[in-house]
Amino acid sequence: MMKDTLFSLLTPFGPSGQEGPIAAAIAEMIRPHADELRTDAMGNLIAVRHGPGKRIMFCAHMDQIGYIVLDADKEGFLRVSNVGGVNPASAGFRHVVFQNGVTGVIACEPLADDKPGIEKLYIDVGADSREKALEIAPIGTMAVIAHQASQMGDHVAAPYMDDRAACAVLVELLKALGKPKHEIIAVFTVQEEVGVRGATTAAYSVQPDFGLAIDVTPAGGVPKCDPPLPAKVGKGPAVKVKDSGSISTPVVRDGLVAAAKRAGIAFQYEVLPYGGTDARAIMVSRGGVPSGTLSIPCRYVHSPVETVSVRDMEECVRLLKVWAEEIVE
Amino acid sequence: MLLKELTACRGVSGSEGEIRARLKALAEERGGVCTVDRMGNLIARKDGGDASAPHVLLAAHMDEVGLIVTGVRDDGLLRYKPVGGIDPRVMVSKPVLLGDGRVPGVIGAKAIHLQSEADRDRVLDHDQLYIDIGAKAKAEAEKLCPPGTYAVFDSPPESFGEGMVVSRALDDRIGCLTLLSALSHGYRGHMICAFTVQEEVGLRGAKVLGHYLEHDLVIVLETTAANDVGDVPFEKQVCGVKKGVVISHMDATSIAHPRLRSVMESIAASAGIPHQPKRYLSGGNDAGALQRAGEAKPAVVLSVPCRYIHSPASVAAEMDIQAQADLTNAFLDALPTAWAEICK
Amino acid sequence: MTDLSAFLRKITALRGLSGDEGPVAQAVFEAFLPLCGEVTVNAMSSVIGRMGKAGPRVMITAHLDEIGLMATVMEEDGAIRFTRVGGVDPRILPGSRVWVYTEEGPMTGVIGAMPPHLLRAEERKKNYEMAALYVDMGLPASRVTALVHPGTPIALHGPLKTLENRRCAAKTIDDRGGVAVMLRVAELLQQRELPAQVFFVAASQEEVGGMGAETAAYALEPDFGIAIDVTHGEMPGCEPDDVYPLDKVVLTEGPNIHPILHKHLMDLAAKHRVDAVTSICPRVTWTDAASLQIARAGVPTALVEIPLKYMHTTVETVSMDVLDEAARLIAAFIVGLDAGWEGLTCF
């Protein structure tokens with residue numbers, strides 16, 4: 001069930017560079033559905049379903065944005081830097097959690113007229129000295145936003161829909177795939193949030209004929225959306241045309257549209273005037289790979305209340321199954 | 001001392017010939033078998049004979065930031081652009097040396113007696129500054145220093161204070177020095193020392209290495225900016241001079257392989273080598289390119305804290321430079337047995 | 001020999017925004033077919049034409065993509081908001097005519113903005129923000145939403161005009177002018193036994209990151225790379241070091257360019273009386289020479305540039321004579337490669 005899969009994947013720890021726990025959780029889930037499962041030196045989880053025909057590389061990134069402990073001051077407050085694209089202006093005053101389960105809060109110094117910045121944030125773990133703070137969270141450990149979810153009918157809000165919702169779609173796709181027409185490689189990538197790094201090396205070793213990234217995309221249709229964005233939550237899977245990382249190769253983009261039409265799936269086109277996905281990394285690998293992205297529309301991306309539609313996610317699975325089994329030549 | 005010899009050589013990004021030739025000779029003296037590739041990277045290999053030990057790549061960049069002449073004015077002043085990132089605020093009133101012939105020049109600006117209040121507040125950008133070689137007119141200047149001539153700061157190395165050294169180009173001749181030390185020290189298996197080019201203009205030299213080197217892991221030897229004096233708030237200091245070699249968790253271009261990094265830290269601890277983490281994340285280096293060109297490789301960066309980096313007068317501590325070399329050599333000794341732990 | 005201004009007039013008008021180069025790639029494919037032993041269009045929509053059977057592998061590249069706009073959101077009144085594809089200068093947009101590549105083919109639109117007499121005085125002193133502009137197709141909203149979706153490409157009108165002194169002005173001479181140079185090189189090399197294997201690559205997506213040249217270089221593994229692109233021609237108000245006389249071929253020097261290759265091209269220019277000057281670039285050049293130089297284990301790379309006034313507008317102006325001269329120089333380089341070619345690649 002999509003919702004159960006989603007909730008199982010929202011909670012395991014996995015900031016960029018420390019994806020061990022989420023990789024293990026996903027590996028357990030997909031083991032019965034893969035012919036081969038391996039991990040590379042950066043931690044990418046690679047699942048293979050053998051088949052004749054072309055090699056299709058799907059990817060969804062496992063890593064989360066978060067914080068890394070740099071030191072603690074003598075009063076016991078941990079100083080941090082960001083792992084991936086944290087917006088310092090809205091990062092303060094949240095619950096955070098470390099890999100070992102220890103919880104704390106991230107707070108922000110008073111700004112007055114200053115601009116927000118990562119160096120104004122700090123994590124409070126209830127310690128009263130540097131030694132105690134570093135015992136609880138040593139230098140180099142990472143923290144992520146603590147999990148809390150709201151269910152609003154078909155919509156669900158929680159931290160890290162980016163990109164655990166896509167991981168859920170990819171897990172469900174592996175379960176849904178039938179007799180193989182092509183070889184399917186499902187890569188749960190690492191370090192997307194710091195520069196699509198996992199996908200770069202995974203694409204190099206997988207050498208696919210087609211690349212398909214599954215990621216969330218910021219949705220429009222919310223008050224004062226600036227710049228205006230076309231994708232809307234609840235209006236179906238979004239076929240990405242362009243973002244700042246890549247322009248989807250026409251054969252892949254058109255193939256996704258053809259799959260949607262064949263299966264009678266309501267879909268949308270989306271264009272983002274910023275951002276990027278793992279598709280860019282696959283596209284420039286070696287001699288070039290036709291690639292694209294199927295996006296899950298998501299409100300409030302990179303906030304603790306990322307909101308998606310479960311039905312949009314289910315439709316993504318249906319669309320990708322038809323694409324892989326009936327459209328790709 | 002050897003660091004002084006290395007900083008005396010010229011090697012602005014794109015014109016590394018002189019430092020490359022010196023490093024080649026020094027590497028060969030230490031048993032390195034040398035080749036130069038199509039980007040100009042210098043590769044020195046040394047094999048200890050044990051084929052079961054992992055192939056280790058040690059990398060340091062031999063290029064430095066500098067200037068390049070872009071044009072000549074009618075009055076004989078030279079226009080220039082920086083090669084690599086140089087804050088324009090460090091340029092005024094500095095001497096430079098131009099070309100292989102080391103023609104002396106100076107970068108001046110309007111004298112203070114003639115400056116208005118507004119003049120004094122304004123930052124002069126590179127395109128408002130010129131190099132003066134004393135020529136009277138264009139033809140003379142063009143003959144000596146035509147467009148395309150590379151210039152370095154005239155700032156030779158000097159020991160000062162208690163155990164400190166000031167020079168241009170500490171970034172990254174310090175790393176090159178550590179590579180030479182590793183070649184002398186030796187390694188049981190196959191060691192590749194890569195002296196890369198063009199790090200300062202976009203990690204260019206390192207980007208091609210991944211395509212033909214067959215290493216199992218990479219250690220990058222660098223310098224990193226230390227911002228620890230002048231009443232700087234705690235969280236902006238980055239790291240401290242005389243606190244040891246920096247073993248960082250991450251920077252702008254890479255996240256260190258966790259087990260490699262922690263093995264490195266344990267070796268430093270048990271060998272009593274002073275070391276520290278980085279307290280503010282900034283800066284990029286060749287590790288990003290070397291970790292990810294082709295198949296993924298475990299990577300870690302060892303840096304020497306350096307104040308006023310990318311200026312004519314960068315400063316580092318001799319003990320930190322020594323710590324970088326000591327840790328690298330101790331790691332090489334431990335690597336054959338530590339490899340299993342790293343790969344887990 | 002092809003009339004290059006006629007060729008340029010044709011290809012600068014063809015559809016081919018970065019990432020959507022299919023139509024212009026097809027035309028370039030057809031132009032190179034009679035000249036090359038083998039021509040293909042690859043999965044990235046780059047066109048690759050090959051001549052010569054043996055000798056060093058030389059990749060010559062010019063990019064065929066153009067900058068333009070892309071529809072994002074359709075307003076309730078039919079106005080189309082857009083984003084840029086590549087570095088379009090927003091200052092050129094108000095009042096421009098465009099082609100909207102709809103589901104039913106190309107249709108004309110006009111870029112509109114709030115009329116000046118409705119702006120406050122201080123707002124008139126600033127340039128329009130792109131977010132305040134829109135494309136007006138003169139159609140009711142219901143028709144617009146049937147014809148246009150987010151992602152629909154929108155190209156600027158910019159048909160070629162012939163000026164005095166064999167100069168031409170059009171959009172997208174950056175870098176279809178370079179493609180014309182490549183065509184001329186291929187013509188000059190006809191009917192000869194070549195000392196090299198030459199790969200002409202009309203590369204895609206240079207304006208959005210250079211992926212076309214990057215992936216082509218990986219696949220071709222060249223021994224030499226020559227990128228052909230444009231640089232700034234003399235215009236008022238510019239720094240003297242940043243602009244070049246319109247009638248000179250420009251050869252770049254700097255860390256992105258192999259120094260021996262640069263010198264060799266300058267020597268060839270002198271020998272063959274090609275009027276060439278050097279430009280200094282202290283950083284990575286913003287051309288396909290950047291990705292060429294670091295492809296695989298590295299490629300000795302040179303950059304040949306055509307001075308062009310008013311870059312990234314719809315009246316980009318060049319001298320047609322310089323296109324011929326640049327082609328002559330590159331052909332001389334190829335024909336002059338001999339057994340000692342490796343000497344050009346060393347350090």
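Predicted model: local features only at pLDDT ≥ 70, side-chain atom pairs only at ≥ 80, totals over all residues.

Biologist: Which element gives the largest share of the lining of the second largest pocket?
Modeller: In chain C, the strands β13 (224-232), β15 (276-280) and β16 (301-308) each supply at least two residues of that lining. By class, the lining has 8 nonpolar, 9 polar and 9 charged residues. The largest share, 4 residues, is supplied by β13(C).

Biologist: Which residues lie closest to the centre of the largest pocket?
Modeller: The largest pocket holds about 1,200 Å³ of space. Its lining counts 38 residues, and the ones closest to the centre are A:T200, A:V284, B:K207, C:E214 and C:I294.

Biologist: Which helices of chain C each supply at least two residues of the lining of the largest pocket?
Modeller: The lining of this pocket divides into 15 nonpolar, 13 polar and 10 charged residues. At least two residues each come from α5 (197-206) and α7 (278-283) of chain A, and likewise from α6 (204-209) and α8 (287-292) of chain B.

Biologist: How much space lies in the largest cavity?
Modeller: The structure holds 7 cavities of 30 Å³ or more. The largest cavity is lined by 16 residues, with A:I65, A:Y67, A:I145, A:H302 and A:S303 nearest its centre, and this lining is made up of 8 nonpolar, 5 polar and 3 charged residues. The space in the largest cavity is about 170 Å³.

Biologist: How far does helix α8 of chain A reach from its first C-alpha to its last?
Modeller: Helix α8 of chain A runs over residues 310-327, which makes 18 residues. At 1.5 Å a residue the expected span is 26 Å, and the helix comes close to that, reaching 25 Å.

Biologist: Which residue caps the N-terminal end of α8(A)?
Modeller: Within α8(A), a number of residues are buried, among them A:V310, A:D312, A:M313, A:W323 and A:I327. At the N-terminal end, the backbone nitrogen of A:R311 lies 3.2 Å from a side-chain oxygen of the capping residue, which is A:S309.

Note on methods. Residues numbered from 1 in each chain as written. Chains lettered and ligands numbered in written order. Heavy atoms only, no water. Expected span 1.5 Å × (residues − 1). Buried < 20%, exposed > 50% of the residue type's maximum accessible area, 1.4 Å probe, protein only. Polar contact = N/O pair within 3.5 Å; in protein donor to acceptor, adjacent residues only side chain to side chain. 1 Å grid on protein atoms, 1.4 Å probe; cavity = no way out; pocket = protein on both sides within 12 Å on 5 of 7 lines; lining within 4 Å. Points joined across faces, edges and corners; volume = space filled by probe spheres on them. Nonpolar A, V, L, I, M, F, W, Y, C, P; charged D, E, K, R; others polar.
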